[in-house]
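Hi everyone, thanks for coming along. I'd like to walk you through one model today, starting with the overall picture and ending on a single residue.

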Amino acid sequence: MINNSDKIINGKLSADNFLIKVLKKVEDFENLYERPPCLAVIIVGNDPASKIYVKKKIKTAKKINIKSIEIQLPKDITEADLLKQIDKLNYSENVDGILVQLPLPKHIFTENVINTITPLKDVDGFHPINFGNLCLGNDSIVPCTPLGCLYLLKNEVKNLSGFNVTIVGRSNIVGKPMQALLIKENCTVTLAHSKTKSLREITKKADILISAIGKPEYITSEYIKPNSIIIDVGINRIVEKEKNKLVGDVKFEEVYQLVKKITPVPGGVGPMTIACLMYNTVKASFIRKQKEFRESLF
């Protein structure tokens, strides 16, 4: 991995700088309401990756004085009991944000869980009301990963208007909300995916390429327009030389010389995703109090 270069978009540094601004909003809320914003995180089962992600979220919350409540539920909990737990948090006056760590066990219908979280506390931004407002161009709570990607891009390019952007991956978590965010920035956006015909021909025209296809090192130099900006959302675990290794969707070493800027994996989009979760928690806390929340952090 090449680390010391102006081409690298340092997600950890960007997240640290962003969290300084979020901390100021936390302090503003605490001064007004004599308590910090509160994030409740539900984790179902004992998935090792989920536990790591939750631990990072709790640690970051503590770092900027957001109160966190971790609720560990058994893998065999019924969907009905999980929804009851969410409802308790929905009605709790002292909980501002609710996050249910995904993926869930197969017997639980994820859409039902997402729809049960009240939109005002939906800090993941997955509820249909929040998603719909985003697509309509209205103010809403935005999914954390696309929001983090936008922040990283705007650190590099102050005005994105007119840029040709291709997103590879059409998920509700990244691809679709990312498209809506970039359209709002006046970009020309192509939303492609694994079934797209002549994908290379499309991606090679992109000034900005955002990869969220979930395939390790799928994007090679043949997909890249020279001097473009690459945002690699992928987090894939592979085995190399009998050791586990994290890689992105982009073959980093191969495309590095071609690009203007690129996010590494790890250390790129991941830290910004968690930082934006903190931002969403603070935003939700102000909205619930019917206070105007100015988008001054971007």
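A quick word on terms: helices (H or I, at least four residues) and strands (E, at least two) are DSSP runs, numbered from the N terminus. What you see is a predicted model, where local features need pLDDT of at least 70, side-chain atom pairs count only at pLDDT 80 or more, and totals for chains, interfaces and linings use all residues. Residues are numbered from 1 along each chain as its sequence is written, and side-chain values use heavy atoms, with hydrogens and water left out.

So, the protein chain: it has ten helices and ten strands. Its radius of gyration, taken over C-alpha atoms, is 19 Å, close to the 19 Å from the globule rule (2.2 Å times the number of residues to the power 0.38) for 298 residues, so the chain is as compact as a globular protein of that length. The C-alpha atoms fill a box of roughly 50 × 40 × 35 Å along the principal axes.

Buried here means under 20% relative accessible area, exposed over 50%, partly exposed in between, with a 1.4 Å probe and protein chains only. By that definition, 51% of the 298 residues are buried.

Now let's zoom in on threonine 166. Where does threonine 166 sit? Its place is in strand β4, residues 164-168. Threonine 166 is buried, with a relative accessible area of 1%. Leaving out residues up to four places away in sequence, threonine 166 is in contact (heavy atoms within 4.5 Å) with Thr190, Ala192, Ile202, Thr203, Ala206, Ile208, Leu209 and Ile210.
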